[in-house]
There are 2 protein chains.
Amino acid sequence: MNKLEQKILQDGIVLNENVLKVDSFLNHQVDPQLMWEIGKLFVERFEGSRITKILTLESSGIAPAVMAALQLDVPLIFARKRKSLTLKDDLYTESVYSFTKQEVSEVSVSRKFLSAGDRVLIIDDFLANGDAALGMAGIVKQAEAEVVGIGIVIEKTFQPGRGKLIDLGYKVESLARIKSLEGGQVAFAEH
Amino acid sequence: MNKLEQKILQDGIVLNENVLKVDSFLNHQVDPQLMWEIGKLFVERFEGSRITKILTLESSGIAPAVMAALQLDVPLIFARKRKSLTLKDDLYTESVYSFTKQEVSEVSVSRKFLSAGDRVLIIDDFLANGDAALGMAGIVKQAEAEVVGIGIVIEKTFQPGRGKLIDLGYKVESLARIKSLEGGQVAFAEH
C-alpha cells in the first residue's frame with residue numbers, strides 16, 4: 001500500500017457508492033508532501049518515456065502535476081475550462097462532459113504550448129468515465145503531438161474510463177485503484 | 001534581480017499599459033523550477049511567521065502556493081471560484097470582482113479547513129486592484145483565523161491593490177513589483 005492509498009483510507013470520505021470525497025488532501029485542501037510523493041510515483045511509472053510536457057486540467061490536477069513536472073524538469077500546461085468560448089483561433093479546444101457537475105465545458109490549450117514532436121504525459125486527479133482524459137488526449141492529437149501516457153491519482157475501476165482509454169491504445173497508470181465504495185468502505189483493486 | 005524578474009523580462013508579453021501576459025510560465029504553461037524558486041522566496045520573506053496554512057485561489061495561485069506549502073510543510077487550501085452558490089452552509093464565502101473578466105465570482109472555502117488559531121499566509125499570482133486578496137482575507141476573518149501576510153508573485157504598483165491591503169494593516173510581500181508597462185516595456189519598482 002502506497003502513501004496515497006493510506007491517506008485515502010485515513011481521510012477519504014465515501015459519500016455514496018460512486019463518490020469519494022478527498023477534499024482534505026487533494027482537491028480543496030492539499031497535502032503538499034503527498035503531492036510530492038505522487039509526483040515521484042508518476043515519474044517512476046513513466047520512466048523512460050522521454051516526456052517533454054505534462055498536461056493537466058484546472059484546478060485539481062495542478063498540484064499533483066506540478067510536482068511531477070518539477071521532478072521530471074519539464075513544463076506543465078494546465079488546460080483551461082470555460083462554459084463556452086467565443087474566440088478559438090489560437091486555441092486547441094475540446095468539449096468535456098463533467099459527470100459530477102452534469103455540464104459540458106470547453107477545455108482549451110493555447111497553440112503556442114503544444115506542437116508536433118512533444119511527448120505528453122496527461123495527469124488528472126480522478127478517472128471515472130474518462131471524459132476529461134479523452135478531452136486532453138484530443139487536444140494533444142490536434143497538436144499532432146504524442147500522448148506517452150495517462151497518469152491518474154485515483155481511479156474508480158467500476159466506472160468505464162480505463163476501458164475507453166485502453167481501447168484507444170493509451171497507457172494508463174493509476175496510483176490508487178478503487179474497485180468499490182459499497183457499504184461506505186473503500187476497497188482497492190489488486191495491484 | 002531575482003529569477004522571476006529575469007523570466008518576466010525574457011518571456012512576459014506586455015499586452016497594453018495595464019496587462020502583462022505570463023501564460024508561458026505562470027498561469028497556463030507553468031515553469032516548475034521557477035515555481036520552486038518562488039516558493040523558496042515566499043518562505044524567506046515570511047520567515048518566523050509561524051504559518052499553519054497557506055490559502056490561495058484557483059487556478060493560477062495553486063502552482064506557486066503548493067511549492068511554498070511544500071517547503072513550509074503546511075497544508076495548502078485553494079479557494080473555489082463559482083459564479084453563484086446556492087448552498088453555503090458549510091462554507092466561508094466572499095464575493096470577488098474580477099477586473100480582468102469583469103464579473104463577480106463567489107469564492108469559498110470549506111469551514112472544515114480553517115479555524116481560529118490558524119495563522120494563514122495568503123498567496124496569489126497577481127496583485128492589481130486587490131479584490132482577490134481582500135476576498136481571501138475576508139474568508140480568513142470569517143474563520144476567526146489570522147492573516148500573517150499576503151505573498152504576491154507579480155504586483156503592479158501602479159494599481160491600487162497594495163494601498164488597500166496596507167491600509168487594512170496587512171503585511172504584503174511581492175516578488176516582482178512592476179511600476180510601469182508603458183511603451184510595451186516592463187519597468188520594475190526599486191527594491
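**Exercise 1. Strands across the interface**

Which strand of chain B does E3(A) join, and how many bridges join them?

*Solution.* Keep in mind that this is a predicted model, in which local features need pLDDT of at least 70, side-chain atom pairs count only at pLDDT 80 or more, and totals for chains, interfaces and linings use all residues. Residues are numbered from 1 along each chain as its sequence is written, chains are lettered from A and ligands numbered from 1 in the order in which they are written, and side-chain values use heavy atoms, with hydrogens and water left out.

Step 1: find the partner. E3(A) is joined by two bridges to strand E5 (residues 76–82) of chain B, and they run antiparallel. Strands (E, at least two residues) and helices (H or I, at least four) are DSSP runs numbered from the N terminus, and two strands pair if DSSP finds at least two bridges between them.

Step 2: pick a residue. Opposite A:Gln29 stands B:Ile77 in E5(B).

**Exercise 2. The size and make-up of the contact**

Work out what chain A brings to chain B.

*Solution.* Step 1: count residues. Chain A gives 35 residues to the contact and chain B gives 35, where contact means heavy atoms within 4.5 Å.

Step 1: take the area. The two chains, A and B, bury about 2,800 Å² between them, with 60% of it on carbon and sulfur atoms; buried area is the accessible area (1.4 Å probe) lost when two parts are put together, summed over both. Of the area that chain A buries against chain B, 24% comes from A:His28, A:Gln29 and A:Leu70, more than from any other three residues.

Step 2: look for polar partners. The rule finds 21 residue pairs in polar contact across the interface of chain A and chain B (both at pLDDT 80 or more). A polar contact is a pair of N or O atoms within 3.5 Å; within protein, one must be able to donate a hydrogen and the other to accept it, and residues adjacent in sequence count only if both atoms are side-chain atoms.

Step 3: assign elements. On the side of chain A that touches chain B, H3(A) gives the most, with six residues.

**Exercise 3. Salt bridges**

Find one salt bridge between the chains and one within chain A.

*Solution.* Step 1: apply the rule, a side-chain nitrogen of Lys or Arg within 4 Å of a carboxyl oxygen of Asp or Glu. The structure holds 20 such bridges over all chains, and two lie across the interface of chain A and chain B.

Step 1: cross the interface. A:Lys112 pairs with B:Asp23, their closest N and O atoms being 3.2 Å apart.

Step 2: stay within chain A. A:Glu37 forms a salt bridge with A:Lys3, with the closest N and O atoms 3.6 Å apart. A:Glu37 lies in helix H2 of chain A and A:Lys3 in helix H1 (residues 3–11) of chain A, so this pair ties together parts 34 residues apart in sequence.
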